[in-house]
Amino acid sequence: MHALWPRPSGLCFRGGKGSHVIPSLSSPAGQWLVGAKMASAAAATAAAAAVAASIRERQTVALKRMLNFNVPHIKNSTGEPVWKVLIYDRFGQDIISPLLSVKELRDMGITLHLLLHSDRDPIPDVPAVYFVMPTEENIDRMCQDLRNQLYESYYLNFISAISRSKLEDIANAALAASAVTQVAKVFDQYLNFITLEDDMFVLCNQNKELVSYRAINRPDITDTEMETVMDTIVDSLFCFFVTLGAVPIIRCSRGTAAEMVAVKLDKKLRENLRDARNSLFTGDTLGAGQFSFQRPLLVLVDRNIDLATPLHHTWTYQALVHDVLDFHLNRVNLEESSGVENSPAGARPKRKNKKSYDLTPVDKFWQKHKGSPFPEVAESVQQELESYRAQEDEVKRLKSIMGLEGEDEGAISMLSDNTAKLTSAVSSLPELLEKKRLIDLHTNVATAVLEHIKARKLDVYFEYEEKIMSKTTLDKSLLDIISDPDAGTPEDKMRLFLIYYISTQQAPSEADLEQYKKALTDAGCNLNPLQYIKQWKAFTKMASAPASYGSTTTKPMGLLSRVMNTGSQFVMEGVKNLVLKQQNLPVTRILDNLMEMKSNPETDDYRYFDPKMLRGNDSSVPRNKNPFQEAIVFVVGGGNYIEYQNLVDYIKGKQGKHILYGCSELFNATQFIKQVKYIPLLFVAIGIFQKRERKFLLLT
């Protein structure tokens, strides 16, 4: 943590935990920058989050502390909050939005939240809390705010650590604007990651192309560009572990981008631990919350170990929403038709209304069913609707019996004891209304998903891909599905064929491949992704797909019984009721081997790093022989909800164990294919590994 603090003689620079004296500098700012003792923001947050069980709760505690002027936020406090303005950049906005609602911000005293680079009017009698990345552009704008005297006082919070030179720029601006006493505090928050679930996080949403699969795997990437990509990933992972309050044991595959990240992260953690006075990992912050008795395992894997899963059509609710709808930072955006269903001939087309829904932990239906197969979700929505209607009818019936139809609630509550039932029913109305809101939300979302399933025959694609990936006998020719004009979009057909090409042990002959390519071209497919996958498979050691991905079974009827009832919100006719059978995906299988300390050729040569050891060693032999209770799986090059759900299902059978899933970016199949489409084709894999090999020599 850095803190600029008003003192009679000027400003005092406070850095890290413990004290360190900074030599006088020739600049005016440098002459009053002096070291002082103070606990870091991250350390204080970790202590305050001692009871926080998940990374979501820990990051939320840190944000609430920051919004409370970096003082622990006390729940249910009766005092009036200090009214303030929140100024953030796009990075800060993305971190806050999945965790804190507008109502929660208001409860914290935030009357206004504005983007740093928007046009902002002066509010001279209100303090401002800034939450931004320490970029040149942001620093310049903050200095401009100081010069323009926009606010009463300034609480500057940086998402990631600010450099000494940029801190001096702020100090100089404060001196020049005579605003030294108005800069109340400056903190490094170490919150440079986005938490989407209790057990899931991504590194960034803004500028994600910088750490994308395409960026990492470009054959023409320069040394400097690769260093920048790796440093960006490592900085965010470092922030994650500071917030978590734990130093992990690191395992990674060799010869991949994951190894580069591991080497750099091990070095960064080691350097911080070595500086005992200023370390962000101290005794009072470790051992708090979920990771209390044992250090966690960090498994770093490269996206290239499994390219089939990101392309896979899925069948669970959350993954389907992400695949076919506009689902972004826990918010789904839908286009809804307005007006009557049967428009008269010659009438104007119906306008599209855009609606947004937040799918949050408060939504109990979402929490319960986001990992369920879609037909179960449709059935559950119908059951919830019937339950709501029954409760609503009961209230109406009681009113009617007592002759109170149309009476206000005040009159009802004043009746004698024999109306207790009705009073109870009426008092539950707010809960009923919230239930109705959630039912309407999921009815709309599930209906939109169902439209895609039926229009594109996604159930057929899902079932067929599962058979391909699990080496099950196919009941229909792949060429027939590709050639069927009614079966899916060109992208669906390309996804199916790429999964077949990746999963098959023996690549199709040139004659067969030309036949497939002609069918794909006739179906309107762009063949660039196939060219990339072809070269990727030819040149990489990880070319052949793992033997088992998973499988499904189909109920004999192939249709849903309950959802087919008259009056159902969902017409599921023709949609298969596929039941998922749990099989571990490659990422889950790798985690299982390393977490349970199993010997397996797939993971036996994984490198081992322990940042707490005095001297780093190049070893694949773990010193710790006991199975891990907690683990973080991080995919370098991008992740998806299919892998996340597979890990969630895996850990359900492991009592007392916890898993977190993270990735450099979160993409669906459409976004992944778009990246692959534009990777230069010439010597793809050769370029990748030659570049990485060169980096390892430099790093190690």
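1. The seven-stranded sheet. An open sheet of 7 strands runs in the order β8-β9-β19-β18-β11-β10-β17, and its pairing is mixed; strands here are DSSP runs of E with at least two residues, helices are DSSP runs of H or I with at least four residues, and both are numbered from the N terminus. Two strands are taken to pair if DSSP finds at least two bridges between them. The edge strands, each pairing on one side only, are β8 (194-197) and β17 (607-609), and the twist from one strand to the next averages 20°.

2. Basis of the model. This is a predicted model, in which local features need pLDDT of at least 70 and side-chain atom pairs count only at pLDDT 80 or more, while totals for chains, interfaces and linings use all residues. Residues are numbered from 1 along each chain as its sequence is written, and side-chain values use heavy atoms, with hydrogens and water left out.

3. A strand pair within the sheet. Strand β10 (residues 249-252) pairs with strand β11 (residues 297-302) in the parallel sense, over 4 bridges, and I250 stands opposite L298 in β11.

4. Helices α6 and α7. The axes of helix α6 (residues 136-147) and helix α7 (residues 164-176) come within 9 Å and cross at roughly 15°, where axes are lines fitted to C-alpha atoms, for helices over the stretch in contact, and angles run from 0 to 180 degrees between N-to-C directions. The two helices α6 and α7 are therefore roughly parallel to each other (angles under 35 degrees count as roughly parallel, over 145 as roughly antiparallel). On the α6 side the contact (heavy atoms within 4.5 Å) is made by E136, I139, C143, L146 and R147, and on the α7 side by K166, D169, I170, A173 and A174.

5. Helices α11 and α23. Helix α11 (residues 317-324) packs with helix α23 (residues 641-652) at an angle of about 175°, their axes being 9 Å apart, which makes α11 roughly antiparallel to α23. Q318, A319 and H322 of α11 meet Y641, I642, Y644 and Q645 of α23 in this contact.

6. Leaving aside neighbours within four places in sequence, G92 is in contact with F131 and I159. G92 and L115, which are 23 residues apart in sequence, are 9.2 Å apart in space, C-alpha to C-alpha.

Technical notes. Parallel < 35°, antiparallel > 145°, perpendicular 65-115°, else oblique.
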